[in-house]
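Keep the sequence and the 3D view open as you go.

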Amino acid sequence: MKELSLTCAQVLELFENAHTVAICGHVNPDGDALGSSLALADLLRKTGHSVTCLLAQDTVPPQLYAFLEDYRFVPATEYVESPDLFIAVDSPALSRLGMAESAFKRAKVTLVIDHHPDYDGYGDFYHGSVSSSATGLLVWNLIKESSVEITRYPAECCYVALMTDTGRFAFQNTHAEAFLAAAQMVEVGISPSEISSLVYQNKSISAVMLESRLIARMRFSENGQVAYSWITEQDFNELGLSRDDTEGLPDILRAIKGV
């Protein structure tokens, strides 16, 4: 659905009329949903807002990204307020908000910040672009447009969002703006090598064993252009896995020549 996007200035003006704000990404949040939420919350708190970051399901946040400061999220089932503003990040459809849907509907005003092409128009307002490499890049532009001082912490959150959604700047959604923004984040003080190591070189033994099972089950179709595999609930039980251990599994299949 084609939707008219608010400008950065219009979004910041919308923020001025809200005191209580709830922010939530999609179910099974990835680095983009989490990093965008945290960076946006930091911006709003610096401008005097009361902000709660929600999880769309009744779980704990992925520990893979727990190295980020102020890594605090409240399960949506525990949130009973009716916020002045609800911001859905990285979530193109209301159904992707999971258990946070009721809080979304209680809010006085709703805003969707997203970069997916299948946004269905469920919010009162929309800020986004399908050409953006990540929702975190949209949030980064809001931070730059605002009057707050840009510090390392929100830059680190936005970098995690950008790095993970572009597959370490290797996917087809990587473009010049992504590299320029990453350079700006480095100038603020983030360490790309440290962040990359924490996200991509910090696997548990169970995660590596899961990868071996994924590879053993690989199947191909369409003359080798399509590769697929699967993991099971039994894998989780036998290996003592958490959802964090599944991060990056599709990249193993994506890396095969010809796929």
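**Salt bridges in a predicted model**

K108 is exposed, because its relative accessibility of 56% is over the 50% cut-off.

**Exercise 1.** Find the salt-bridge partner of K108 and say where the two residues lie.

Step 1. K108 pairs with D84; their closest N and O atoms are 3.4 Å apart. That distance is within the 4 Å cut-off.
Step 2. D84 sits in the loop between strand 3 (74-75) and strand 4 (85-89), and K108 in the loop between helix 3 (101-106) and strand 5 (109-114). The pair therefore ties together parts that are 24 residues apart in sequence.

**Exercise 2.** Determine which helices the R213 and E238 salt bridge connects, and which network includes the pair.

Step 1. The closest N and O atoms of R213 and E238 are 3.0 Å apart.
Step 2. R213 belongs to helix 8 (residues 205-216) and E238 to helix 9 (residues 233-239), so the bridge ties together parts 25 residues apart in sequence.
Step 3. R213 is partly exposed at 23% relative accessibility. E238 is also partly exposed, at 46%.
Step 4. Salt bridges link R213, R217, D235 and E238 in a network.

**Exercise 3.** State how many salt bridges the model has.

The count is 12 salt bridges.

Notes:
Residues numbered from 1 in each chain as written. Predicted model: local features only at pLDDT ≥ 70, side-chain atom pairs only at ≥ 80, totals over all residues. Heavy atoms only, no water. Salt bridge = Lys/Arg side-chain N within 4 Å of Asp/Glu carboxyl O. Helix = DSSP H or I, 4+ residues; strand = E, 2+ residues; numbered from the N terminus. Buried < 20%, exposed > 50% of the residue type's maximum accessible area, 1.4 Å probe, protein only.
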